[in-house]
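Subject: Structure handover and notes

Hello,

Please find the structure below, followed by my notes on it. Read them with the structure open beside you.

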Amino acid sequence: MVLAHICALSTGFSNAHLVQLPKISGLPAPHPLAISADGKTVVGQFAPGQPFTWRGGEVARFRPSSNPKVLAQYAQAVSADGQVIVGQAGGAYVWTRHKGLQMIGNASSFARAVNEKGTAVACQVQGNPDVRGYLWTKSGVINFDSFTPTCISGDGKVVAGIRADHTTVRAYEFRNQVSQELPLPDIYTDSSAYGVNKDGSVIVGGAISDENSPAAFWKNGKFVKLDLLGQANAVAKTVARDGSFIGGYAGPEAVVWKADGTGNYLEMILKTSGASTKGWRFESIDGLARVGNTVYVTGWAHVNDHEAGYWASFRVK
């Protein structure tokens, strides 16, 4: 029944292209974490503390800081045009192709997300009971004491994240200068937020109940459960700038969801759209972008039982 459901949803996709991100000798496979809104730039880690960038050719080592004392460095997110990268290198940073490194936090800070223009950055703070994170802009900083940021809208006006206490984890947002918990139906005990579209109208993440843990999104504040595809758990990690497509995973497989809540395994989408997926097992979608009728995705997979990062594109009708 599940397979028939998946095949039925596969119509409407075409012209797929799949690329295994190249490896560098002596390093683990590149693990993508984010994709630019134009679909052309991928950032992530070879392993903790060893970041990379990919722009359609070879994978490149990326070290935003030249300080030899900063051994562990991270690339976490990228602007719409791929020119700005944020992460952690002895503290939260903003790196631009033309100006290089700018530190925007102390050693306990970590830049988690950046808006499309690269002018607003959502950062986490560790070890400070009074400040869990902050929003950095060129005009100033706004501290968050109610939740830890994980993502930011493309226009930089909405920040979302997670508040964890001794018993629960809940999705939060910062909108119109106010921090508030995202609504959650009574059946669910916990929730999370991991991605925001351009105008902040769609926030994606997940929820937990005693029976299952579905991926979910909030559209204009309303909670919507995404298709579990027969699995017990799923998480939505990323969303197109217009909110039309959502990426993540259900059980052990990468999934693309439409805005109506229906989902489809990525392998089925690519295979029915003309790409060769023999030997591939797609485990997650960590970045998703839509440009016109083309959707770009990046994430983690196995190819013939070997770990691999990937970039793929397909057309939508």
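This is a predicted model: local features need pLDDT of at least 70, side-chain atom pairs count only at pLDDT 80 or more; totals for chains, interfaces and linings use all residues.

Residues are numbered from 1 along each chain as its sequence is written, and side-chain values use heavy atoms, with hydrogens and water left out.

Cores

In soluble globular proteins, nonpolar side chains tend to be buried together. A nonpolar core here is a set of buried Ala, Val, Leu, Ile, Met, Phe, Trp, Tyr and Cys residues joined through side-chain atoms within 4.5 Å. Buried means under 20% relative accessible area, exposed over 50%, and partly exposed in between (1.4 Å probe, protein chains only). Helices (H or I, at least four residues) and strands (E, at least two) are DSSP runs, numbered from the N terminus.

The largest nonpolar core has 24 residues, and L266, L270, F282, V297, Y310 and F314 have the most contacts inside it. Two or more residues each come from β1 (13-20), β24 (253-258), α2 (266-272), β26 (280-291), β27 (294-303) and β28 (306-316). The most come from β28, which gives 5 residues. A second, separate core holds 15 residues, including F217, L229, A250 and Y265.

Of these, L229 sits in the loop between β21 (222-225) and β22. With a relative accessible area of 3%, L229 is buried.

Aromatic rings

A pair of aromatic rings is described by the distance of the centres and the angle of the planes. Rings of Phe, Tyr and Trp (its six-membered ring) pair if their centres lie within 6.5 Å; planes under 30 degrees apart count as stacked, over 60 as edge-to-face and the rest as tilted. The count by this rule is 15 aromatic pairs.

F144 and F174 make a tilted pair, with 4.9 Å between centres and 55° between planes. Because F144 lies in strand β13 (residues 140-144) and F174 in strand β16 (residues 169-175), the pair ties together parts that are 30 residues apart in sequence. F144 counts as buried, at 1% relative accessibility, and F174 does too, at 5%. The rings of W280 and F282 have centres 5.1 Å apart and planes at 10°, so this pair is stacked. Both W280 and F282 are buried. There is also one aromatic cluster formed by F144, F147, Y172 and F174.

In strand β7 (residues 84-88), 5 of the 5 residues are buried, so the strand is largely enclosed by the rest of the structure. In a regular strand the side chains alternate between the two faces of the sheet. On one side of β7 are V84, V86 and Q88, on the other I85 and G87, and all are buried.

Two strands pair if DSSP finds at least two bridges between them. Strand β6 (residues 74-78) pairs with β7 in the antiparallel sense over 4 bridges, and Y74 stands opposite Q88. These strands form a hairpin with 5 residues between them, and G82 in the turn has a positive phi of about 80°. Strand β8 (residues 92-96) also runs antiparallel to β7, joined to it by 5 bridges, with I85 opposite W95. The hairpin of β7 and β8 has 3 residues between the strands, and G90 in its turn has a positive phi of about 75°.

Pockets

On a 1 Å grid over the protein atoms alone, a pocket is an open set of points where a 1.4 Å probe fits, with protein on both sides within 12 Å along at least five of seven lines; lining residues have an atom within 4 Å of a point. Grid points are joined across faces, edges and corners, and a volume is the space filled by probe spheres set on the points.

The largest pocket holds about 700 Å³ of space. It is lined by 35 residues, with A34, Y194, K237, T238 and D286 the closest to its centre. The largest share of this lining, 5 residues, comes from β26.

The second largest pocket has a volume of about 250 Å³. Its lining has 15 residues, and V94, T96, K99, Q102 and K138 lie nearest its centre.

Regards
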